[in-house]
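Welcome! Please take a look at the structure below, and then read on for a short tour.

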Amino acid sequence: MKRFYLIGFAMLMAFDTLNLVCFKMAGSHALPVEMSTEWVMRVFSHPWIYGAVVGYIGAFLTWMSLLKHAPIGPAFAASHLEVISVMVLSWWVFHEPIGMPQIIGAVAIIAGIVCLAFAESDDETSSDAVTA
């Protein structure tokens, strides 16, 4: 089951990251933003928007599959790992700065996931001991 979680959350993070990075690329290629048919045509003329749709659908289907099996607390926290992956990719691909607030936020996300995972495993151990 741990393999299922690792693969599932890795896929969720990959799909969410694909979604967000593709939306950024689609938006950048469709500038200037304006309420017109030409702008909508510019958005849909670039493959990035379709990558974003694939990422969104993939993330949705992966999330629904994970929710059938994963404990909700750690699952919800782990679903926010894409914030970290998008931050790193934005720094690498788009040359966006990463400051101390972003680093502290990333550490807080990871620490929260770890704490919830340990709490969930402690709950499972306690409930197994009670039922035995």
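Here is a briefing on helix packing, surface, backbone and charge pairs.

This is a predicted model, in which local features need pLDDT of at least 70, side-chain atom pairs count only at pLDDT 80 or more, and totals for chains, interfaces and linings use all residues. Residues are numbered from 1 along each chain as its sequence is written, and side-chain values use heavy atoms, with hydrogens and water left out.

**How helices pack**

- Helix H1 covers residues 2–29 and helix H3 residues 47–67 (helices are DSSP runs of H or I with at least four residues, numbered from the N terminus).
- The axes of H1 and H3 come within 7 Å and cross at roughly 155° (axes are lines fitted to C-alpha atoms over the stretch in contact, with angles from 0 to 180 degrees between N-to-C directions).
- That angle makes H1 roughly antiparallel to H3 (angles over 145 degrees count as roughly antiparallel, under 35 as roughly parallel, 65 to 115 as roughly perpendicular and the rest as oblique).
- H1 passes H3 in a left-handed crossing (the near helix is turned anticlockwise from the far one by less than a right angle; clockwise is right-handed).
- The contact of H1 with H3 involves 18 nonpolar residues, eight polar and one charged (Ala, Val, Leu, Ile, Met, Phe, Trp, Tyr, Cys and Pro count as nonpolar, Asp, Glu, Lys and Arg as charged, and the others, including Gly, as polar).
- H1 and H5 have axes that come within 9 Å and cross at roughly 50°, and the two helices are therefore oblique to each other.
- The crossing of H1 and H5 is right-handed.

**Backbone points in the loops**

- The peptide bond from Leu31 to Pro32 is cis, with omega near -5°.
- Pro32 sits in the loop between H1 and helix H2 (37–44).
- His95 is not a glycine, yet its phi is positive, at about 60°.
- The loop that holds His95 runs between helix H5 (81–93) and helix H6 (100–131).

**Salt bridges**

- The whole structure has two salt bridges (a side-chain nitrogen of Lys or Arg within 4 Å of a carboxyl oxygen of Asp or Glu).
- Lys24 forms a salt bridge with Glu96, and their closest N and O atoms are 3.1 Å apart.
- Lys24 belongs to helix H1 and Glu96 to the loop between H5 and H6, so the pair ties together parts that are 72 residues apart in sequence.
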